[in-house]
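Reader: Could you walk me through this model slowly, one piece at a time? I am still new to reading structures.

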2 protein chains.
Amino acid sequence: MPTQEQIALWNDLARQLRADSIRCTTAAGSGHPTSGMSAADLMAVLQASYLRYDYDDPHHPNNDHLIFSKGHACPVLYAMYRAADAITDEELLSVRKFGSIYEGHPTPLIPHVDAATGSLGQGLAIAAGVALAGKRIEGLPYRVWCVLGDSEMAEGSVYEAMAVAADHGLDNLVAIIDANRLGQRGATQVGHDLEVHVARAAAFGWRTILVDGHDVSAIDAAYAEAVAHTGSPVCIVARTFKGGGVSFLSDAAGWHGKALPPADAEKALAELGNPSGLVVKPAKPEDLRPAAVAAPVAPSLPRYELGSKVAVRKAFGDALAALGAARADVFALDAEVGNSTYTEIFGKAFPDRHFQMYIAEQVMVGVAQGLDVRGQIGFAATFAAFFCRAYDQIRMAAVSRASLRLVGTHAGVSIGEDGPSQMALEDLAMMRAIHGSLVLYPSDATSAAALLPVMADHDGVSYLRATREATPVLYGPDEAFPIGGSKTLREGDAATVVAAGITLVEALAAADALSAEGVRVRVIDLYSVKPIDAATLAKAARETPHLIVAEDHYAQGGMAEAVLAALAGEGVAPRRFTHLCVREMPRSGRTAELLGAYGIDAAAIRAAVQG
Amino acid sequence: MPTQEQIALWNDLARQLRADSIRCTTAAGSGHPTSGMSAADLMAVLQASYLRYDYDDPHHPNNDHLIFSKGHACPVLYAMYRAADAITDEELLSVRKFGSIYEGHPTPLIPHVDAATGSLGQGLAIAAGVALAGKRIEGLPYRVWCVLGDSEMAEGSVYEAMAVAADHGLDNLVAIIDANRLGQRGATQVGHDLEVHVARAAAFGWRTILVDGHDVSAIDAAYAEAVAHTGSPVCIVARTFKGGGVSFLSDAAGWHGKALPPADAEKALAELGNPSGLVVKPAKPEDLRPAAVAAPVAPSLPRYELGSKVAVRKAFGDALAALGAARADVFALDAEVGNSTYTEIFGKAFPDRHFQMYIAEQVMVGVAQGLDVRGQIGFAATFAAFFCRAYDQIRMAAVSRASLRLVGTHAGVSIGEDGPSQMALEDLAMMRAIHGSLVLYPSDATSAAALLPVMADHDGVSYLRATREATPVLYGPDEAFPIGGSKTLREGDAATVVAAGITLVEALAAADALSAEGVRVRVIDLYSVKPIDAATLAKAARETPHLIVAEDHYAQGGMAEAVLAALAGEGVAPRRFTHLCVREMPRSGRTAELLGAYGIDAAAIRAAVQG
């Protein structure tokens, strides 16, 4: 049983968190005070009595993690920083102002924030990744606390994360559902029928605790139970009221996402007793470090014989295993297609470092981001088309300034009989538009293998597009593939063909056939789609009368538009430009049939040169 | 209790469905026979005794719907068509061959298929939309059957659909989980621990029935219970074996997604008794038609005063309500942000036609597609950034040849203080790359309103990007905005600025300021980003020395690349090209601060003209 002093401290802290949530948003003139106020008691008990976090050393490896999946409620999070004396009152009051790192939704510009949130339903998957790292990789006892809103419990991504967290027995993970009943425009999907949240979490394998989220003693008991529990993650479903703690805001409609006008703020602060100046620092973590791992060495990448046929996806699998042998911090994440993406090669070599996410791309990407939070290098692979399922997570990873390594196999119509549902034809557009992304599209096994260590070392989101079919090895094993480079594989002045992946194979065939007829065509392997080798492209546009881009992708946002943008940036215009790409909804068929039918095979390229 | 004759018929039919699943995939040399075989008994009882479907009249409005969410199992679906004598044996054996409509995964090129599947976890949301139409719109007693695999139960999208279907009491919807235990590379996430599926479905508000999926009498009893149940959707969890019915395939590893080699096929067919020629047609539906609705009239679109300030998102809400008044087949779908997207205006006018999907964008898009299956016009609206969450659904809608109407509000940095998580900066790239899409980006209230009826009538995926801020009304109420058009709002030869949305407002301000100094700049409102007005852009590139594109979007895949591609298609190169867009990860701040900081405001445009 808590003492009266403890209870008083928690309640005092909660009042101050509420007051500061109101103060900072009223100063900003916008924001979400009431969504944080519902969580104030939960956060007060957490900060005062359960969190183990050194605000003076936010990168201490054994700090607990607090991930606010309901990012819009960040005023209460910032108020916790203020209560820990980790930020000044000026910093608190800078919320939402241009230049302040205390933005409308939290981002890792703040050293205490692991992941940007604000697109709902994403925090739990990242939290699961962080917890997985603690439990399965680092062997550290830090705990991961994830605060969710009840509105976001409608997002399916939450249940993917629940299933994966239970699969891996992540008893170092505690989810706190701040079920304040009210969403943006009225009641949430289940309102205060909280047994629904309990039943769902239990059905997904979590220990569940239902609690009155405004009773600090009950919250204390719930946390005590949660931290004592082993074998599964724990979900605390807290019955709260939006705006709770202030009479005219509590459970009141019309206050979502609104700063209080100054007069209302004054009234609310008076009701709270105008609290300020209370400093409650969390306990510091035990001073533990991660288990030592072998120092990285240079990877012995696979070596392929020139001219032999190897699928790029297979080379990815080979190279990932080689990278895994060289670096203990490399992991693979599979969405139940590891025998198609060839992460199974890595999985056989390093079964403890191959994490099965099943067919759940959103949690796969979220867990990869969680591993990155802990400085681990996770490669997430699935069919390129299915990364569309996690596009919002990838977008938000960029807001998080996270490093994600994504490998999408089965690009384009060249996959054949499986048909359009399995063909990635918009992935280059999607991935190029991610802020700061690296987009790689190797055309052979050697370049694919060489690019993997580049991705491991890259800061930001990197994406490798892999062809399904076995294609000829074009490069010797010592060739280098710098980011932003290209390879000119055939020299000529009659025209230039820019291609990558399967269309590069076709372009080379076309060029060789034309060469036999005395027509010399330049062929550029655009393995680095973003950044792009603008200088080489500009040179080709100046030196050859016809620039042809051939890609196994739809017309929009892919290689051709990247090339045109690069040329425009160089101030060079191609004298003539032809874009060969997929312009119809493709059908099932054999690879050669489809490449021909959609006009991206050697014959089409040859015709474009001659046309 | 079923008779012995019934039992014999079901078992005979199931044997033939298995045999035909094997035959067609062996003929193709690829495909998924075993994933269909597990469902053969389930499908035999359904086809013989529960489905109400007229194969001679696939568009009968009261036909049941059968949606194969586990699309890869389509050989058994095609075998059902063969058993109904709806297709010939040649057609069955054309599976996966180029030109055949019987593709590797089903698409609506087949008249009996409602939606393309093959990206897992998507079928149930579409099925919910079809069921919603039957129950809440058309008043027809057709039933919707949705067949899911157990692997796809890892996808969060399934649980979004479950929640929404339960919310709406869709007791005309039956989900059948063909839990065959084996995924692509081993056991599925829950394997044969089927109580997990039962508990999850129950927690999401469904009636559940656990059944032996290879016992036709038990299946019959389950279906009888399902069709008798009222008040909620029903989930049948069927314990099956992959490859079930053939001894050496049943529950055997290594057979996922593999056609049987001819010798194995022969052996399997012999074990099945080489069944063929059995014709079992489902019962025909009652000959009922949808409830009569008022004939559509021309909408009385809102009229805005020139120069007054109205947000495009608000105009969308006004126009949607006007469209709803004119057409009884128009519906709105909200992801719990209707007071931000202004679908609440429609919702207040037509509460029975405004469907709340809560914060679950994937099911919102899936339900919109389900409404389209039934010929209803659903507008789905949320923040543009959050359509990223449903990108795979949107991609698959294009494979389905479906018409979706999507409205994304809060585009770009101009939204201000909420910060980057809420700013759509890659949505144009994402939506342009959808096959056959229409991408609209109105700059004022009048054009936004005028474009809504265009979207309602458009075949395919259409997307309207809406600005959050109130901006000046630029057009009189009678202006027409044809698809693929543009508006030249200022004439001049010094330079051309192409813009839309908030940057058009800035471009006009820049042009007017420059005009006062005697510099005449042409300003083009690119309200139709795809298709694009290539002729007008080419004319501008020829007639003015400097083409500037200004957009509140990242550099890749947006308006600038669309313009460059259009010009390349016209064989015209701009003499000079400048691209103003967002090139940093934006921060929170006021609209004007952010437009200035990221170089897309009037000052930046003016500097580009002068630079």
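Reader: Which residue does His65(A) stand opposite in strand 2 of chain A?

Author: His65(A) stands opposite Val144(A) in strand 2 of chain A, where strands are DSSP runs of E with at least two residues, helices are runs of H or I with at least four, and both are numbered from the N terminus. This is a predicted model, in which local features need pLDDT of at least 70, side-chain atom pairs count only at pLDDT 80 or more, and totals for chains, interfaces and linings use all residues. Residues are numbered from 1 along each chain as its sequence is written, chains are lettered from A and ligands numbered from 1 in the order in which they are written, and side-chain values use heavy atoms, leaving out hydrogens and water.

Reader: And over how many bridges do strand 1 and strand 2 of chain A pair?

Author: They pair in the parallel sense over 4 bridges, and two strands pair if DSSP finds at least two bridges between them.

Reader: What is the strand order in the open sheet of chain A?

Author: The 5 strands follow the order 1-2-3-5-4, with parallel pairing, and the edge strands, each pairing on one side only, are strand 1 (65–68) and strand 4 (207–212) of chain A.

Reader: Switching to helices, at what angle do helix 1 and helix 3 of chain A pack?

Author: Helix 1 (residues 4–28) and helix 3 (residues 40–50) of chain A pack at about 125 degrees, their axes 8 Å apart; axes are lines fitted to C-alpha atoms, for helices over the stretch in contact (heavy atoms within 4.5 Å), and angles run from 0 to 180 degrees between N-to-C directions.

Reader: Why are helix 1 and helix 3 of chain A called oblique?

Author: Helix 1 and helix 3 of chain A pack at about 125 degrees and are therefore oblique to each other, because under 35 degrees counts as roughly parallel, over 145 as roughly antiparallel, 65 to 115 as roughly perpendicular and the rest as oblique.

Reader: Which residues of helix 1 of chain A make that contact?

Author: Among them are Leu9(A), Trp10(A) and Leu13(A) of helix 1 of chain A, and the residues of helix 3 of chain A include Ala40(A) and Met43(A).
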